[in-house]
Amino acid sequence: RVTEVACNIDDDTGEHLAWLAERLLAEGALDVWLVPAVGKKGRPLNCLSFLATEGDWRRLADWLLRHSTTFGVRHHIWDRLKLARRFEQRATPHGPLTTKIGLTTDGTVLKEKPEFEEKRKHWESDRGKA
């Protein structure tokens, strides 16, 4: 189970919203996202949402109330089904790369995906060699 916390923010900058999202992740949120919308009186706004464990959501919601312009948040508890995960190092022409593997409860591999941040480091080092 996870808790989704959400609020609408119509009076903040894009830079500060990006900082809020980054900090929420650093503080322990499982995921954070922003969705543009139109609110009361036709005002553009952003819907800021995050997922947290049932034990962390109140602390993170309090952090958000203290560091953002919102006056309130909503929360909802969700049941969640997720794949089991394991990580493997794979050899590539650019060096080792961590790959995330998603498995069913019986161990069947359904998905494999290289870790993006490691791929990006490989791309950036290749660009520096050109």
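In the predicted model, Val-2 is in contact with Leu-30, Leu-51, Ala-52, His-76, Ile-77, Trp-78 and Arg-80, leaving aside its neighbours within four places in sequence. Val-2 belongs to strand β1. Its relative accessibility is 4%, so Val-2 counts as buried, the cut-off for that class being under 20%. Between the C-alpha atoms of Val-2 and Ala-84 the distance is 16 Å, and these two residues are 82 apart in sequence.

When residues up to four places away in sequence are not counted, Ser-49 touches Glu-4, Val-5, Ala-6, Asp-31, Val-32 and Trp-33.

Helix α1 covers residues 14-27 and has 14 residues. From its first C-alpha to its last, α1 reaches 20 Å, close to the 20 Å expected at 1.5 Å a residue. Four residues of α1 are buried, namely Leu-17, Leu-20, Ala-21 and Leu-24. Seen down the axis of α1, these buried residues fall within an arc of 95°, and therefore they line one face of the helix. An α-helix has 3.6 residues a turn, so residues three or four places apart point the same way. On the face of α1 turned away from the buried side are the exposed residues Glu-15, Glu-22 and Ala-26. The buried residues of α1 pack against three strands and a helix: β1 (2-9), β2 (31-38), β3 (44-52) and α2 (57-67). Just after α1, Gly-28 takes a positive phi of about 125°.

A positive phi is also found at Lys-41, with a value of about 60°, although Lys-41 is not a glycine. Lys-41 lies in the loop between β2 and β3. Its relative accessible area is 75%, so Lys-41 is classed as exposed, the cut-off for that class being over 50%.

Helix α2 can be described in the manner used for α1. In α2, the buried residues are Trp-57, Leu-60, Ala-61, Trp-63 and Leu-64. They cover an arc of only 155° around the axis, so they lie on the same side of α2. The packing partners of the buried residues of α2 are β1, α1, β3 and β4 (74-78). The face of α2 turned away from its buried side carries the exposed residues Arg-58 and Arg-66.

Arg-58, in helix α2, counts as exposed because its relative accessibility is 59%. Neighbours within four places in sequence aside, Leu-65 is in contact with Thr-70, Phe-71, Gly-72 and Val-73. Leu-65 and Cys-7 are 58 residues apart along the chain, and their C-alpha atoms are separated by 9.7 Å.

Rolling a probe the size of a water molecule over the atoms shows where empty space is left. The largest pocket has a volume of about 240 Å³. Its lining is formed by 14 residues, and the closest of these to the pocket centre are Arg-85, Lys-100, Lys-111, Lys-113 and Glu-115. The most is given by β7, with four residues. By residue class, the lining of the largest pocket divides into five nonpolar, one polar and eight charged residues.

The second largest pocket holds about 170 Å³ of space. Its lining consists of Asn-8, Ile-9, Asp-10, Asp-11, Gly-39, Lys-40, Arg-43, Leu-45, Thr-69, Thr-70 and Phe-71. These lining residues divide into three nonpolar, four polar and four charged. Two residues of this lining, Thr-70 and Phe-71, are also among the contacts of Leu-65.

Key
Residues are numbered from 1 along each chain as its sequence is written. This is a predicted model: local features need pLDDT of at least 70, side-chain atom pairs count only at pLDDT 80 or more; totals for chains, interfaces and linings use all residues. Side-chain values use heavy atoms; hydrogens and water are left out. On a 1 Å grid over the protein atoms alone, a cavity is a set of points where a 1.4 Å probe fits but cannot get out, and a pocket is an open set with protein on both sides within 12 Å along at least five of seven lines; lining residues have an atom within 4 Å of a point. Grid points are joined across faces, edges and corners, and a volume is the space filled by probe spheres set on the points. Helices (H or I, at least four residues) and strands (E, at least two) are DSSP runs, numbered from the N terminus. Ala, Val, Leu, Ile, Met, Phe, Trp, Tyr, Cys and Pro count as nonpolar, Asp, Glu, Lys and Arg as charged, and the others, Gly among them, as polar. The expected span of a helix is 1.5 Å times one less than its number of residues. Buried means under 20% relative accessible area, exposed over 50%, partly exposed in between (1.4 Å probe, protein chains only). The arc is that of the directions from the helix axis to the C-beta atoms. Contact means heavy atoms within 4.5 Å.
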